[in-house]
Amino acid sequence: MESPSLVQAGTVVTTEFGYNSKIEGEVVHTQLDSALNWFRKNSLWPMPMGLACCAIELMAAGASRFDISRFGSEVMRFSPRQSDVMIVAGTVTYKMALALRRIYEQMAEPKWVIAMGACASTGGMYRSYSVLQGVDNIVPVDVYVAGCPPRPEALLDALIKLQEKVSREPITRTLKRDSGPEKYGRLGIEVTAQSIEETRSH
Amino acid sequence: MPTPLELARQLRETFSDLLAEPLEFRGEVTLVVRDPERIAEVCRHAKETLGYDLLLDLSSVDNYGDEPRWTVVYELYGLAHACHLRLKTSVGEEKGSVPTVSTVWRTADWHEREVYDMMGIRFAGHPDLRRILMWEGYPYHPLRKDFPLAGKPTDLPEVAFTRAAPLDGGPFVTVAGGADSIAREPRSRTPED
């Protein structure tokens, strides 16, 4: 078959990107991995974990000027059952950490985490008894965003980086992996049923 | 319209020896209640007879190293006569308990919970004396002078991930009396143990 982008002297250069049914018919050849990853990465529904001022920038990223829906992530889900990526936007206090960890546990696999801003990444300027020094102490973080707070463009960049990461995942090999109780973070925290019960009772 | 000083004198006439002479400083009147056990009684009288119908704030001071260690401060305000009054009472560490005023002003409920949480002063008769800012089960009271800013690692299993915050690189503390700005404003300071 002829390539759709032939350059010929004296003619108009036409370039076709992506799937063109007139050329390729109604059949797409691809790998299952890439197809599934393509579905996944273009509809990463965020769990907006807005805890401080970063949440304002998160809202700006969702509004018309920056428009996160260009990347398929406009569906902010306030239910962890329906979301794919938790955007931790803001200062995580120890008191909130248990709730955050519990919401992360409730999210269905596959799930990803973006630590947005200095506070979520490292504790930021809050070197204090009350602030968790980086959300990666309790959940596995995929992308860190620098800034205090980061611009919406930085969040969109993080989202694109996460999409790249998602598109590289060999998911057919890991689909049946038993995730089981895992330990997360630098401290290897395992949240037990007891601590979740305690969070629930407060 | 009464002045804050007149109202404070009226309050002192009612309770005589219980209250010290009102102190006025820049238009602010402070009354010291000598017996912390009777603070609720004084507050109820101030509200019901003198028209102090609003408790603006309830806070506490840690006089670390002095005795008595705690001072509880009540900021009163009357909407009708627009006068402020500050009541102070002191309580020692071994007792560490003051009668609640949440029966006088309901707003004192959360204020007293905050004081209990941050300073560890208990309020006798409080309807719901739980922590309000820190999580339930946290063993320390962080606003005390002998509590390091970085925090302490807690030994409770369910909150085992709390540990002292790293203080290198911040916060930007100052040291009084340093020779130059490098000594006065160090990049970091190790918390006093």
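Let's start with L79(B), which sits in the loop between β4 (70-77) and β5 (84-91) of chain B; strands here are DSSP E runs of at least two residues, and helices are H or I runs of at least four, numbered from the N terminus. Because its relative accessibility is 56%, L79(B) counts as exposed (over 50%; buried is under 20%, partly exposed in between, with a 1.4 Å probe and protein chains only).

A quick word on the source: this is a predicted model, where local features need pLDDT of at least 70, side-chain atom pairs count only at pLDDT 80 or more, and totals for chains, interfaces and linings use all residues. Residues are numbered from 1 along each chain as its sequence is written, chains are lettered from A and ligands numbered from 1 in the order in which they are written, and side-chain values use heavy atoms, without hydrogens or water.

Now over to chain A. How many of the five residues of strand β3 (residues 112-116) are buried? Five of the five, so the strand is largely enclosed by the rest of the structure. W112(A), I114(A) and M116(A) cover one side, with V113(A) and A115(A) on the other.

And its neighbours? Strand β2 (residues 85-89) of chain A pairs with β3(A) in the parallel sense over five bridges (pairing takes at least two DSSP bridges), and V88(A) stands opposite A115(A). Strand β4 (residues 143-145) of chain A also pairs with β3(A) in the parallel sense, over three bridges; here I114(A) stands opposite V143(A).

Thanks, everyone, and do have a look at the structure above!
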